[in-house]
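Thank you all for making the time this morning. I would like to walk through one structure with you, slowly, and I will keep to what can be read from the coordinates.

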Amino acid sequence: MRHALPLIWRKSLERYRLIGCSCENCGTDYFPPRKVCPKCRRKGKIAPKQMPTEGKVYSYSLVHAAPSGFEFEAPYHVAIVELANGVRLLTQIVDSDAAKVKIGAPVKMVFRKIFEDDCEGVIAYGYKFKAV
Amino acid sequence: MTKFGEHWEASFREMVVEAGAKAIADAGIEGRELQAVYGGSMASGRLISQEHIGALIADQMGLAPIPSTRCEAACASGGVAFREGYLSIASGAYDVVAVGGVEKMTDVSAEDVAIALGGAGDQEWELFNGATFPAIYALMARRHMKEYGTTEEQMAACAVKNHANAMHNPYAQYHKAITIEDVMKSGYISEPLKLLDCSPITDGAAAVILCATEKAKKLYPEKAVEVLASSQASDTLALASRQSMTAMNATAVAAQQAFAQAKLAPKDIQLAEVHDCFTIAEIMAIEDLGFFKKGAGGKAAADGETALNAKISVNTSGGLKACGHPVGATGVKQVVEACWQLRGEAKGRQVDDAEHALTQNVGGSGATCVMHIFKRADRK
């Protein structure tokens, strides 16, 4: 699947640096960032916020049947990681012994290539996590 | 409905007409009584490069110029179309409407099907990062195993039971009994889910006719089935953003509303068609619907409590696993199975004394859940 450049570019802050947001009214953090706080809605005040780059594995799976763009990586781990502030995100776990990919395992963010469309296409970069 | 399966000989529109014509004949009407059409289809644009499905259905059924609207809610498209049809009658706008669901999935490669189905999840933040749909359900399964001790064998029991039920459903994609061992030996798709934990790629269409209750009872005292409750709820597209990964809040909320509307409790339901896109989804569904306590679904499945005429008959059609899962058609197929069961027409897989039936249709990984409760109209 070919991705248009703006599609990748406009998410660079979130994907490269894990910038989420926080609602200054209720103190809830969100990643990915939201325009509206579901708890406060009109009363909410959303501001960008750096998410913690360390967390723990909340759940994981070893993907054998990979989607297009990830064929050469299979089998690979995906996980739901719970960051230190309680916010969860879905990510790949890389550069880690399979034995270390367990629920509760401590992990930290690394910057990696996610996929590339083809030899002349867009290369998408972003966060992945590794066991510490 | 059409038989579910790989219909290389039939196009999208041919399946629409077959299912629609059968529903009209079954209702004993001519077709000119119909005032509107609601059609569920999830991904026709990606699967057959055709949008504007509402008008296409009216056109092909010879029903133009009546209004015809497509409903899309990923794999819950059929259930949502049924609910929109129900609401259009409940509102007083119409007396008789047709509801259909259809998906043609085998005209493109399995890779293209995976991309199309991926649209049901959060593309920007989950599919982008290498998740697949099986992976998203695998993450729920792993967590369910951790929190409640659910096992891969217990999940496999759902697939085995659904294949056993499908043996007696002439409309099912698979007529092949399988064993726990078959499931356990099938290859991993996304651990802990294996090939035989997953619903297949399927072509098919299903349709029903909806009519205002009093009119239906008068016209069709033998056949009419009454809709006692209709509910729908939403949740985040992204799995990671949910409070719980072992319960679907949309199902729990929709269930609470549906049981309240119907003035019934889970114990009053004899059969349920639930959304078993993956075996773990059936386990979570029977818990979230209140048939079993949270965490007890895996054991209940393994103990045979959801088999035909056991404590509650779950997925007598064979479910998505064995009857097949043409995504937009599934929600309507569940309603068709409920009707056949309540009328006593489900030969070979008939639930004894079926009085109330429930259907639960999920979109994506639980971002939509639409639910209905039915009753035989001739029962008091």
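I will begin with confidence, then take chain A, its domains and one of its residues, and end with the interface and a helix of chain B.

Please keep in mind throughout that this is a predicted model. The predictor gives the complex an ipTM of 0.97 together with a pTM of 0.97, and for chain B the average pLDDT is 97, with 99% of the residues scoring at least 70.

Let me turn to chain A. Its secondary structure consists of 2 helices and 8 strands, and, reading from the N terminus, the order is α-α-β-β-β-β-β-β-β-β. Along the principal axes, the C-alpha atoms of chain A fill a box of roughly 45 × 35 × 20 Å. Of the 132 residues in chain A, 31% count as buried, and if we take the contacts in this chain with a separation of 6 or more, 49% of them are between residues 24 or more positions apart.

Chain A is divided into two domains, where domain 1 covers 5-17 + 53-131 and domain 2 covers 19-51. The centres of these two domains of chain A, taken over C-alpha atoms, are separated by 23 Å. Where they meet, 7 residues of domain 1 of chain A are in contact with 8 residues of domain 2 of chain A. On the domain 1 side, helix α2 of chain A, residues 12-17, gives the most, with 3 residues, and by class that side has 4 nonpolar, 1 polar and 2 charged residues.

Chain A also has an open sheet of 3 strands, ordered β2-β1-β3, in which the pairing is antiparallel. Its edge strands, each pairing on one side only, are β2 (29-30) and β3 (46-50) of chain A. Strand β1 of chain A, residues 19-23, is joined to β3(A) by 5 bridges, and A:Ile19 stands opposite A:Gln50 in β3(A).

Is A:Gln92 buried or exposed? It counts as buried, because it has 22 C-beta neighbours inside 10 Å, where the cut-off for buried is 20 or more. Beyond its neighbours within four places in sequence, A:Gln92 is in contact with A:Tyr76, A:His77, A:Val78 and A:Lys128, and also with B:Asn129 and B:Gly130. The C-alpha atom of A:Gln92 is 8.3 Å from that of A:Tyr127, although the two residues are 35 apart along the chain.

Those two residues of chain B lead us to the interface, where 26 residues of chain B are in contact with 22 residues of chain A. On the chain B side, the elements giving two or more residues are α5 (110-118), α6 (123-127), α7 (133-148) and β4 (188-190). Of these, α7(B) gives the most, with 7 residues, and the chain B side as a whole has 14 nonpolar, 6 polar and 6 charged residues.

Finally, why do I describe helix α12 of chain B, residues 279-288, as largely enclosed by the rest of the structure? The reason is that 10 of the 10 residues of this helix are buried. Charged side chains are found in this list too, since B:Glu282, B:Glu287 and B:Asp288 are among the buried residues of α12(B). Just after α12(B), B:Gly290 takes a positive phi of about 90 degrees.

Methods:
Residues numbered from 1 in each chain as written. Chains lettered and ligands numbered in written order. Predicted model: local features only at pLDDT ≥ 70, side-chain atom pairs only at ≥ 80, totals over all residues. Buried ≥ 20, exposed ≤ 12 C-beta atoms within 10 Å, placed from the backbone. Domains from an automatic or database assignment. Helix = DSSP H or I, 4+ residues; strand = E, 2+ residues; numbered from the N terminus. pLDDT = per-residue confidence, 0-100. Pairing = 2+ DSSP bridges.
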